[in-house]
Structures are given as structure tokens and as C-alpha cells.
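Subject: Structure handover

Hello,

Here is the structure for you to look over. My notes on what was found in it follow below.

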Amino acid sequence: MKRLPRSRLFLFELTIDLVFFCICAAVCLTLLARAQALTRQSDELGGAMLAAENAAESFAAANGDAAGAARLLGAAASGDVLTIFFDEEWKPAVETNAAFRLTMHTKQSQDRVATASIAVDRLTDGGSVYQLTTKRFVRGAGQ
């Protein structure tokens, strides 16, 4: 029976250690990639929520008027639809450089309740990031 020299056993052990290290590194890189994707999604959701809440507060401050909310937000309104474009850092942007779009559709009912449906969409794939619906009692001229 022939015995293996110690140098071969040492190289064999180093090879096993290297394979184990490579497997651990692959698992760690996969976890880091998932964490980065979750961070990006969290940042998108946080920015979208803040933008939608600002639009809802402007709608309430304007007493349910889309044009008044547009003035408060510095946005463009056509009829009952208000649109704002944002870049990836959630700063207002022009449509060509935008990554996100906030759209607010307003509607007045007969019982003096104004409703605003606010949606924030991703422009790259058209996916919805956040949606919010708010209602506001509209005060009449004599009240």
C-alpha cells in the first residue's frame, strides 16, 4: 500500500477550501444583488408615496379644484387631469428626461364631494408604483 505524500494532501485540502470559498462567494453575491433590488424598489415606493401625498394635500388645499392643485404643485393641468413628471431622484423633470409620471384625475359629484385618483407610474416599463384615492368635501360660495 502506497501512501500519499503530505504535499498532495495539502494541495487536495486547499482545493476543497477554494471550492467552498467560491460557493460561499456566489451565495453572498446573490444576496447582495437581491438587497440592491429591494433597496431600489423601496426608494421608488417611498418617492412615489411622498409625491402622491403631496398631490393629495394640494388637492385638499385647493378645495377640490384641479387647476388650484396644479398651481400649488407647479404642474400642468388640462381639464380635470393633472400630470407631473419626475426624474429618478424624484425631482420634477420634463417628459423626455422623466423616469416617473404622476397623474391625478379629479371628479366633482352632485353631493359636493370632489374625488381625486392619483397614480404614480414608471415610464420605463409602464408599471404602476403607487396609487391613492382621496375625497374632499367642497365648500360652496356661501359657506
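The sulfur of C24 has its closest cysteine sulfur in C28, at 6.7 Å, which is too far for a bond. A disulfide would need the two sulfur atoms within 2.5 Å. A search of the whole structure accordingly turns up 0 disulfides. Please keep in mind that this is a predicted model. Both cysteines count as partly exposed: C24 has a relative accessibility of 31%, and C28 has 45%.

Strands

Strands β2 (residues 81-86) and β3 (residues 100-108) run antiparallel and are joined by 6 bridges. In this pairing V81 stands opposite H105 of β3. On β3 there is also an antiparallel pairing with β4 (residues 113-122), made over 9 bridges. Here F100 is placed opposite R122 of β4. The hairpin of β3 and β4 has 4 residues between the strands, and R112 takes a positive phi near 60° there.

T115 is a residue of β4 and counts as buried, because its relative accessibility is 15% and the cut-off for buried is under 20%. Leaving out residues up to four places away in sequence, T115 touches F59, H105, T106, K107, T133, T134 and K135.

Helix α2 covers residues 66-73, and its buried residues are A66, G68, A69 and A70. They pack against α1 (6-61), β1 (76-78), β2 and β3. Just after α2, G74 takes a positive phi of about 70°.

The largest nonpolar core has 23 residues, and those with the most contacts inside it are L82, F86, W90, L102, M104, I118 and V120. Two or more residues each come from α1, α2, β2, β3 and β4. The element that gives the most is α1, with 6 residues. As for W90, its contacts beyond four places in sequence are D43, E44, G47, A48, A51, F100 and V120.

Salt bridges

The structure holds 4 salt bridges. One of them joins R122 to E44, with the closest N and O atoms 3.1 Å apart. Because R122 lies in strand β4 and E44 in helix α1, this pair ties together parts that are 78 residues apart in sequence. E44 counts as buried, at 15% relative accessibility. E44 is also among the contacts of W90 listed above, and R122 is the residue opposite F100 in the strand pairing.

Another salt bridge is formed by D121 and R101, whose closest N and O atoms are 3.6 Å apart. D121 is in strand β4 and R101 in strand β3, so the pair ties together parts that are 20 residues apart in sequence. D121 counts as buried at 15% relative accessibility, while R101 is partly exposed, with a relative accessible area of 29%. Salt bridges with shared partners also link E44, R122 and D125 into one network.

The side chains of K91 and E89 meet in a salt bridge as well, at 3.4 Å from N to O. K91 is partly exposed, with a relative accessible area of 47%, and E89 is exposed, with 59%.

Regards

Methods:
Residues numbered from 1 in each chain as written. Predicted model: local features only at pLDDT ≥ 70, side-chain atom pairs only at ≥ 80, totals over all residues. Heavy atoms only, no water. Pairing = 2+ DSSP bridges. Buried < 20%, exposed > 50% of the residue type's maximum accessible area, 1.4 Å probe, protein only. Contact = heavy atoms within 4.5 Å. Core = buried A, V, L, I, M, F, W, Y, C linked by side-chain atoms within 4.5 Å.
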